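Here is a short note on how two parts of one chain meet. Please keep the model open while you read the points.

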2 protein chains.
Amino acid sequence: MKNIDLEIMVGFAEELANLASKVTLKYFRIPQSVETKSNTISNMASIADTEAEDAMVELIKEKFPEFGVIREEGDDIISKNGYNWVLDPIDGSSSFLAGRAIWGTLIALVDPNNEVILGVMDQPYTKERWVGAKNAPTLLNGQEISTNKSSDLNQTILAKTTPHMFITNKQKDVLKKIENLCGGKSIWGGDCYSYASLASGYSSPMTVLESDMNFYDFAALIPIIQGAGGRITNWQGNSLKLEDKEVLATSNEVLHKLAIEHINNH
Amino acid sequence: MKNIDLEIMVGFAEELANLASKVTLKYFRIPQSVETKSNTISNMASIADTEAEDAMVELIKEKFPEFGVIREEGDDIISKNGYNWVLDPIDGSSSFLAGRAIWGTLIALVDPNNEVILGVMDQPYTKERWVGAKNAPTLLNGQEISTNKSSDLNQTILAKTTPHMFITNKQKDVLKKIENLCGGKSIWGGDCYSYASLASGYSSPMTVLESDMNFYDFAALIPIIQGAGGRITNWQGNSLKLEDKEVLATSNEVLHKLAIEHINNH
């Protein structure tokens, strides 16, 4: 197994994002007056999802056939060199269908040690692209970004996508604990955009607490958050793995420590 | 009491929105690296809210001193001609603080019969402005928009801002009923942006169900939704009044009828 050039891979991930954006933008914010097959208009998200994923997979097969693919829509492709691309063309399909430009295309690369070594989140409508890579600062449209360093819990925004992702009683308890811990505002919706906002250090310190997640929902966000100075782990405080379902992200180390203490203090 | 010229008032409402945007954009997406008074950075939303509201009130006093003002932040101003401006400079302050450009500045004008005769919703960062006026089609950045006409419940997106707005058991029951009725996707967060998306007819038919609302949260959205072909009422199906707390908006009449039937079918 030969080593890969991370810089080339970042460039290729951006190429994949460009390709996906052409498909997704074709289906985003289609006014109802545009004629489509009767009553299929709200399947736009899944049509766009499948079509964008297929396009990316074709390009990977053509340019880097030795790489595997872990994907949301179709069957996975087994890796020949130990590296895997992880694809989620539309994270936040409800936002997509409602016309909110806060969904994202997620692209990650996982090395043979199962470490995510690069992550791209692309919001093609607003032309915002976050790029994270191992041992490199995170870039938003080419500019270095860093998370909020404040550990003032009363100012911390707690973000989570939907109450339905907290399924077990323990998960519901943890949500309540962290809601009580963060004295600031509580916000819902957002999907991948919450993590990207956290990485960008916009205005407030942030905590994102989610469960019922899949690997393709969070893999790309790991290097994006880490390269900006944030922390992202499972609810036990350990590095996120393929099988993890529970995700905690914080703007900084101090907030992370406080959150983990509260989660485990049952 | 003399009649007012609605066209002039729409122009003035847009002038107010322009003024508010100068203030709000000064405080939106301030990276944490920008030095501000220690630990006040996450008060950005309330600072911007107050400052933008004061600026708008000053302009109203100067240009149209006979009009009253119903406002979120400061004391109301009693109307001398029966007309009232209704101001909410930042609807969606959590979105504002988290860097999501889906908050909005809401400006409405209420006539002496307590009817909302014009409404503006402005998202200054993305430069999206919705303008609704009595007996006129709703405009998004100058273009006429219309809601989705599909009454296919399986494709309907149900939007609501936060579970915390459903306080009483009856409100929680109604939420469950409407969630079951709408077979499509459920989406959280969004505040005023959900209503503006519904008016714009983006991709999917939509229902917005909310409670614990204030007049300045929904007044401007009434003409915006009505002028695009949607329906917005209280949960009993009646026209919204100053004291209403429960709001139902739908993309069209058929969805509205179905929702009202389900709400009242206890």
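Predicted model: local features only at pLDDT ≥ 70, side-chain atom pairs only at ≥ 80, totals over all residues.

1. Now locate the two parts. Domain 1 of chain A covers 6–136, and domain 2 covers 153–264. Their centres, taken over C-alpha atoms, are 22 Å apart. Domain 1 of chain A brings 29 residues to the contact, and domain 2 of chain A brings 18 residues.

2. Next, the area. The size of an interface is often given as the accessible area lost when the parts come together. Between domain 1 and domain 2 of chain A, about 1,700 Å² is buried. Carbon and sulfur atoms give 71% of that area.

3. Which three residues supply more of the area that domain 1 of chain A buries against domain 2 of chain A than any other three? They are I102(A), V116(A) and W130(A), and they supply 30% of it.

4. Look at the strands on the domain 1 side. Five are named in chain A: strand 1 (68–71), strand 2 (84–91), strand 3 (104–110), strand 4 (116–123) and strand 5 (128–133). Each supplies at least two residues of the side of domain 1 that touches domain 2. The largest share, six residues, comes from strand 4 of chain A.

5. Finally, check residue types. The side of domain 1 of chain A that touches domain 2 of chain A has 18 nonpolar, six polar and five charged residues.

Methods: Residues numbered from 1 in each chain as written. Chains lettered and ligands numbered in written order. Heavy atoms only, no water. Domains from an automatic or database assignment. Contact = heavy atoms within 4.5 Å. Buried area = accessible area lost by both parts, 1.4 Å probe. Helix = DSSP H or I, 4+ residues; strand = E, 2+ residues; numbered from the N terminus. Nonpolar A, V, L, I, M, F, W, Y, C, P; charged D, E, K, R; others polar.
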